[in-house]
Amino acid sequence: MAWFLAAHPDEQALVFEEVAAAFPAHGLPSLDTVLALPCLGRFVKEVMRLAPPVPVVCRTALTDDVLPGSGIKIPAGCSVDVSPFFTQRLPLIYGDDAEAFRPARWEEPLSAVKARAKALGSASLWAAQNAAFPMQRDAASAGRACPVDSPTKPAPPACPHAAEATPPAPVTAVAADDETLEQRIPPTGFMPFILGHRNCIGREFAWQEIVLTTAVMVRRFHWAYSKGQDPPRRGYGVTIMPKPALKFDVTVRED
Ligand code: HEM
């Protein structure tokens, strides 16, 4: 979090203004007040998008299965890596500037994304397909053969958990121009806590903790890189971390 605060002083200033106005002169605001601060929420969400603490999880298919929506078949025993890190940077979902740290994107209507793609003269998928998430909506890809399938392989047995599964989102029309990213994104587009039966049981608690901690970090201190700090680099393990550790100049705010 400190990395993104120091790297984006303008965004830090926006969050500070909002948080400072919400904190009473003495004491702390209520949890609900802090969780409802829009600038702070977008900032945290954008950090969790570009630096999801768990960049990838691994699963092994117990039975033959089919990915809902795409129709891609997964044979039993197949190892599947699911990566929030890569998914949350897909231009297909986030537009041409998917790599950029831009918290405002969450509130932007689709029309603004298209206009920017046009202004940039980009061959953006947004402009070309006029559809927010064709991977969810493309009925033509349903039933696509899995490359490991042999033509003689019998049809997979029905998934024993099929009855418990949430049915895939219905194939709907394209997103409306006034839909914000927040409204049009499919659940799989933002998944720092993963989805499904084995998702993070601490996600609600963790989210509140991150938002509150960030609010206090920004209210009490100003964050900047220390002089001579090299540009930060990501290290990967089970979790993402800056490597080597970053050094900050942290100043207590007088105001
Ligand atoms: C930023 C904070 C957090 C993130 C990004 C996060 C993310 C995740 C992810 C991606 C998984 C799935 C891992 C996998 O299946 O391989 C997971 C599982 C889990 N998380 Fe979290 N987590 C966070 C905080 C917490 C907290 C605060 C708790 C407990 C209070 C917690 C408890 C768990 C547990 C128990 C599981 C295993 C669930 C299962 O396998 O059924 N997590 N977490």
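## Reading this model

A helix crossing is called left-handed if the near helix is turned anticlockwise from the far one by less than a right angle, and right-handed if it is turned clockwise. With that in hand, let's walk through the structure. This is a predicted model, in which local features need pLDDT of at least 70 and side-chain atom pairs count only at pLDDT 80 or more, while totals for chains, interfaces and linings use all residues. Residues are numbered from 1 along each chain as its sequence is written.

## The chain as a whole

The chain holds 11 helices and eight strands; these are DSSP runs numbered from the N terminus, with helices being H or I of at least four residues and strands E of at least two. Of its 255 residues, 18% are buried, meaning that 20 or more other C-beta atoms lie within 10 Å of a residue's own; exposed stands for 12 or fewer, partly exposed for values in between, and C-beta atoms are placed from the backbone.

Contacts here are pairs whose C-beta atoms, placed from the backbone, lie within 7 Å. Looking at contacts between residues at least 6 apart in sequence, 68% connect residues at least 24 apart.

Angles under 35 degrees count as roughly parallel, over 145 as roughly antiparallel, 65 to 115 as roughly perpendicular and the rest as oblique.

Take helix α2 (residues 9-22) and helix α4 (residues 38-50): their axes come within 8 Å and cross at roughly 140°, which means that α2 and α4 are oblique to each other. The crossing of α2 past α4 is left-handed. On the α2 side the contact uses E11, L14, V15, E18 and V19, and on the α4 side C39, L40 and F43. This contact of α2 with α4 has six nonpolar residues, two charged ones and no polar ones. In this classification Ala, Val, Leu, Ile, Met, Phe, Trp, Tyr, Cys and Pro are nonpolar, Asp, Glu, Lys and Arg are charged, and the others, Gly among them, are polar.

Next, α4 and α11 pack at about 115°, their axes 10 Å apart, so α4 is roughly perpendicular to α11. Their crossing is right-handed. L40, G41 and V44 of α4 meet I210, V211, T214 and A215 of α11. That gives the contact of α4 with α11 five nonpolar and two polar residues, with no charged ones.

The remaining pair to describe is α2 with α11, whose axes come within 9 Å and cross at roughly 95°; α2 and α11 are therefore roughly perpendicular to each other. Here α2 contributes Q12, V15, F16, V19 and A20, while α11 contributes A215, V218 and R219. By class, this contact of α2 with α11 counts six nonpolar residues, one polar and one charged.

## Around the ligand

The ligand is surrounded by 13 residues, the closest being V54, V57, C200, G202 and A206; a residue is near the molecule if its C-beta atom, placed from the backbone, lies within 6 Å of it. This shell divides into 11 nonpolar residues, one polar and one charged. Helix α11 (residues 203-220) supplies its largest share, three residues.

## Individual residues to look at

A117 sits in helix α7 (residues 110-119) and counts as buried because it has 20 C-beta neighbours inside 10 Å. K227, in the loop between β5 (221-225) and β6 (234-236), has 7 C-beta neighbours inside 10 Å and so counts as exposed. The C-alpha atoms of K227 and F248, which are 21 residues apart along the chain, are 8.4 Å apart.

Two backbone details are worth a visit. I194 has a positive phi of about 60° although it is not a glycine. This residue lies in the loop between α10 (181-184) and α11, and I194 counts as partly exposed because it has 17 C-beta neighbours inside 10 Å. The peptide bond from K243 to P244 is cis, with omega near -5°; P244 is placed in the loop between β7 (240-242) and β8 (248-252).

Terms used
Axes fitted to C-alpha atoms, helices over the stretch in contact; angles between N-to-C directions. Contact = placed C-beta atoms within 7 Å.
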